Amino acid sequence: MIKIQIPATSANLGAGFDALGLALNFYNYVEMEENDTLEILSADDTTIPTDENNLVYTSAKTLYDICGKSLKGLKIIQENNIPMTRGLGSSSACIVGGLVGANILMGNPLSLDDIVNLSAEIEGHPDNTAPALLGGIVTAVFDGQAVHWVKQEVHTALKFVVIIPNFELSTEKARSSLPKEVSHRDAVYNLSRASLFSASLLTGKYENLRTAVDDKLHQPYRLPLIPHADEVFKIAYTLGAYAMYVSGAGPSLMAIVDEENNFFAGKMRFALDQRNLKLWQVKELSIDNHGTILV
Ligand code: HSE
């Protein structure tokens with residue numbers, strides 16, 4: 001039985017819609033071995049599909065099919081810590097877990113690049129799948145056939161404090177709220193900020209991050225789908241966050257906070273409780289530079 005650790009991811013990073021993403025130190029685990037039948041178990045309380053529709057299984061099976069290797073069945077044990085449908089890359093973690101697991105079981109016939117490409121093809125965009133595989137901050141362009149990517153390790157003590165609402169928002173619904181066309185002005189607004197984000201994060205110019213996360217392509221359309229989000233943004237900035245953005249397609253909201261801002265998470269917790277948002281979670285995370293690994 002092999003065991004794989006896959007990080008949660010936060011995509012878009014504000015303006016880098018479908019292009020930027022980073023990995024976080026919050027993990028799902030997938031154990032896998034070849035078996036005579038399909039057997040899927042949940043190692044925790046999470047309810048997961050235990051039939052042929054399971055995303056870890058379908059991803060693994062895709063790889064077996066590509067390699068022309070027949071597969072009788074798999075035994076899969078999933079530990080799903082990353083909450084589903086919250087904008088933290090839970091489906092990418094399943095896809096990457098299935099692909100990497102199958103690749104290892106077959107003796108690594110596919111290269112890392114192959115898996116970056118295949119995972120983006122399955123998910124539809126690379127900004128969660130690529131950082132889940134590679135770790136760090138990943139800049140990626142999927143040209144429809146291949147992903148052109150750069151992974152950069154981030155050595156910062158910045159904290160990524162994620163505020164996770166107690167409701168789901170499907171990527172499908174969050175994407176369907178977006179306009180079909182945008183103006184030239186809005187395109188420029190975003191591309192300049194997306195570039196500013198990675199350059200500022202990597203060089204320590206954190207005072208730029210608040211400007212860098214602002215965007216015109218998705219957050220203005222998604223924020224109305226997340227009740228209380230505007231209020232949480234205001235609280236985060238009052239508490240000294242460098243930046244605040246919708247993580248992936250939402251509904252989770254991400255605050256980037258200085259390492260010395262010790263009480264941010266506790267104060268945010270208190271503010272949410274006061275507003276009767278006791279079921280929302282606050283988690284203090286940092287960047288994972290390893291990506292998916294065997295453990
Ligand atoms: N870039 C994607 C989106 C991430 O914002 O829809 C969610 O999978």
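In this predicted model, the largest nonpolar core comprises 89 residues, where a nonpolar core is a set of buried Ala, Val, Leu, Ile, Met, Phe, Trp, Tyr and Cys residues joined through side-chain atoms within 4.5 Å, and buried means under 20% relative accessible area with a 1.4 Å probe, protein chains only. The residues with the most contacts inside this core are Phe160, Phe197, Leu201, Met244 and Leu253. Helix α2 supplies the largest share of the core, seven residues. Leu201 touches residues including Leu22, Ile137, Phe160 and Ile287, not counting residues up to four places away in sequence; contact means heavy atoms within 4.5 Å.

Helix α2 (residues 90-105) also packs against two other helices, helices being DSSP runs of H or I with at least four residues, numbered from the N terminus. The axes of α1 (residues 55-66) and α2 come within 7 Å and cross at roughly 40°, with axes fitted to C-alpha atoms over the stretch in contact and angles running from 0 to 180 degrees between N-to-C directions. In α1, Leu55, Val56, Ser59, Ala60, Leu63 and Tyr64 meet residues of α2, among them Cys94, Ile95 and Leu99.

The axes of α2 and α3 (residues 112-123) come within 10 Å and cross at roughly 140°, so these helices are likewise oblique to each other. Residues of α2, including Ile95 and Leu99, meet Ile115, Leu118, Ser119, Ile122 and Glu123 in α3.

Residues are numbered from 1 along each chain as its sequence is written. Local features need pLDDT of at least 70 and side-chain atom pairs count only at pLDDT 80 or more, whereas totals for chains, interfaces and linings use all residues, and side-chain values use heavy atoms, with hydrogens and water left out.

Conventions
Angles under 35 degrees count as roughly parallel, over 145 as roughly antiparallel, 65 to 115 as roughly perpendicular and the rest as oblique. Buried means under 20% relative accessible area, exposed over 50%, partly exposed in between (1.4 Å probe, protein chains only).
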